[in-house]
Amino acid sequence: MTERKIETSAPHATLAPSSDALSRRRVLGTGAITLAASALTTLTRPVSAAELPTPSTPLAPTPGAARIGVKDWLGPGQPGRDYQPVVVPNGAKLPWKVVDGVKVFHLVAEEVEHEYAPGIKAHCWGYNGHVHGPTIEAVERDRIRIYVTNRLSAPTTLHCHGILLENGMDGVGGLNQKAIQPGETFKYEFTLRQSGMGMYHSHHDEMTQMGLGMTGLFVIHPRRPRGPRVDRDFALMLHEWKVNVGAARPDPNEMVEFNLLTINGKAFPGTDALVVKKGQRVRLRIGNLSAMDHHPIHLHGYQFKVTETDGGAIPESAQWPETTVLVPVGSTRTVEFTANEPGDWAMHCHMTHHVMNQMGHGVPNMIGVKPGNLDAKVQRVLPSYMTMGQTGMADMGEMHMGVPKNSIPMVGGRGKHDIITMGGMFTILKVREELASYADPGWYEAPAGTMAQAAPHTDLAHDGIDVDAPSKAWADSNVRSG
Ligand SMILES: [Cu+2]
């Protein structure tokens, strides 16, 4: 065989780190932050279908059933009568109307200017003005019809992940159908044979289109409710992005260094709290269409049961308790618990890099470095220079010097007591004894005597704690007495 020289006209993005990344490293390599930024172009945003009011949906028998010859099709399930609608924090739901007994939906694939958190936006691809797309919510044995209009500059398709349907409706571009060209509208139609949580996404140029945000949740309620009645039913989509500091376009070609980790498209402090009244039964449906990472989602304060996957309901005898549920890429997991313990409970991915925001990854290790008068020396040539990171990243949450345009600090936002040093894939379950509404009730007030705080001298003396004693001695004595 002769050796072939392969030439490509593709940009050099895969060959060398971007200039953004290079300059960030070079600068941070000396422990400094610069204020370089690029302007964010403003997009004019068309009114999308998701912003239109949900049409009224009178219950219809299934007049079209005989005409179309579809079996196992019942009348359209109705919210409030047949199911308790899900809550999509920070998200939207796809409106529908009933035509001849069929639930009709319309998805519009389009570019969307999306805000991940206050301070950072990007030009993403999504549906109906949203990233991720609005949640499709329907009922087992509904007949549904989904029109997909392509307003992108590239072909696309719609794949309904985990949904049982006829092969020609499966949406894999090239395999099951021709791709939907820009300007075209395709029709998907099938009867829902199952209940549970699925997802939807483009299945054409998957790395680019899913990487830019073309995903959504697909909730199917059972025709007859199973198990204990659920009061608060939350639907959450996990995702990961690479948005270079100052850039306005996520980089879907990134394979490793994701710097924005999101729940329903939002990085903390952009995530809305999950608000629950004490005693309510809570369901969390969590889907993951990240490019590369599984997310172990950990909830504080509770043990929950894993009740469903995208493969269906888990029999009660086989449900297992957890405090962390691993949600692999291309999967959904559903967990349930009863909210008996009031408070503000953290819920987050337990991979520590997934609770950092932009700029928090891959920086040089400055822990323990003693810069001496380095700052003064460097400031003669770089006036804004400041050595950072000697005690870790927590200070970055409240930098007074500001951050580059269109970027967010490495770590989270302000909490009741101090800076919350987590960002990214982080949100808060807020359980309250009394609630007037499900609006964010503010911060939890811990009852007197139930909050960790500085130990009084009287307590130290009472318990024989000598804070100045060698710590090794305390450990040894502990072993001896144990
Ligand atoms: Cu994660």
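Reader: Is Asp 205 buried, exposed or partly exposed?
Author: This is a predicted model, and in it Asp 205 comes out as partly exposed because 18 other C-beta atoms lie within 10 Å. The cut-off for buried is 20 or more.

Reader: Where does Asp 205 lie?
Author: In the loop between strand E8 (196–201) and helix H3 (206–211). Its backbone is worth a look too: Asp 205 is not a glycine, yet phi is positive, about 45 degrees.

Reader: And what's phi like at Asn 264?
Author: Also positive, near 50 degrees, again in a residue other than glycine. Asn 264 is in the loop between E11 and E12. It counts as buried because it has 25 C-beta neighbours inside 10 Å.

Reader: Which peptide bond is cis around Pro 269?
Author: The one from Phe 268 to Pro 269, with omega near 15 degrees. Pro 269 is in the loop between E11 and E12. There's also a cis bond joining Val 131 and His 132, where omega is about -5 degrees. His 132 is in the loop between E3 and E4.

Reader: OK, switching to confidence. What's the average pLDDT of the chain?
Author: The average is 83, and 80% of the residues score at least 70. Over residues 1–61 the pLDDT is below 50, though that stretch still has 77 contacts in the model beyond near neighbours in sequence.

Reader: How many helices and strands am I looking at?
Author: Six helices and 21 strands. The chain has 482 residues, and 39% of them count as buried. Among contacts with a separation of 6 or more, 76% come from residues 24 or more positions apart.

Reader: Let's do sheets. What's the strand order in the open sheet of five?
Author: It goes E12-E21-E20-E14-E18, with mixed pairing. E12 and strand E18 (324–327) are at the edges with a single partner strand each, so one side of each has no neighbour in the sheet. From one strand to the next, the twist averages 20 degrees.

Reader: How does E21 pair with E12, parallel or antiparallel?
Author: Parallel: strand E12 (residues 274–277) and E21 share four bridges.

Reader: How many residues of E21 are buried?
Author: Six of the seven in strand E21 (residues 426–432), so to speak a mostly covered strand. Leu 429 touches Leu 274, Val 276, Leu 299, Trp 345 and Met 347, leaving aside residues up to four places away in sequence.

Reader: Which residues have the most contacts inside the largest nonpolar core?
Author: Leu 429 is one of them, along with Leu 107, Phe 218, Ala 235 and Leu 236, in a core of 87 residues. Strand E2 (residues 102–117) gives the largest share, eight residues.

Reader: What about the open sheet of four strands, what's its order?
Author: E4-E9-E8-E6, with mixed pairing. Strands E4 (136–139) and E6 (159–161) are the edges, each pairing on one side only. The twist there averages 25 degrees from one strand to the next. E4 pairs with strand E9 (residues 215–221) in the parallel sense over four bridges, and Ala 138 has Ile 220 in E9 as its bridge partner.

Conventions:
Residues are numbered from 1 along each chain as its sequence is written. This is a predicted model: local features need pLDDT of at least 70, side-chain atom pairs count only at pLDDT 80 or more; totals for chains, interfaces and linings use all residues. Two strands pair if DSSP finds at least two bridges between them. Helices (H or I, at least four residues) and strands (E, at least two) are DSSP runs, numbered from the N terminus. Axes are lines fitted to C-alpha atoms, for helices over the stretch in contact, and angles run from 0 to 180 degrees between N-to-C directions. A nonpolar core is a set of buried Ala, Val, Leu, Ile, Met, Phe, Trp, Tyr and Cys residues joined through C-beta atoms within 7 Å. A residue is buried if 20 or more other C-beta atoms lie within 10 Å of its own, exposed if 12 or fewer, and partly exposed in between; C-beta atoms are placed from the backbone. Two residues are in contact if their C-beta atoms, placed from the backbone, lie within 7 Å. pLDDT is the predictor's confidence in each residue, from 0 to 100.
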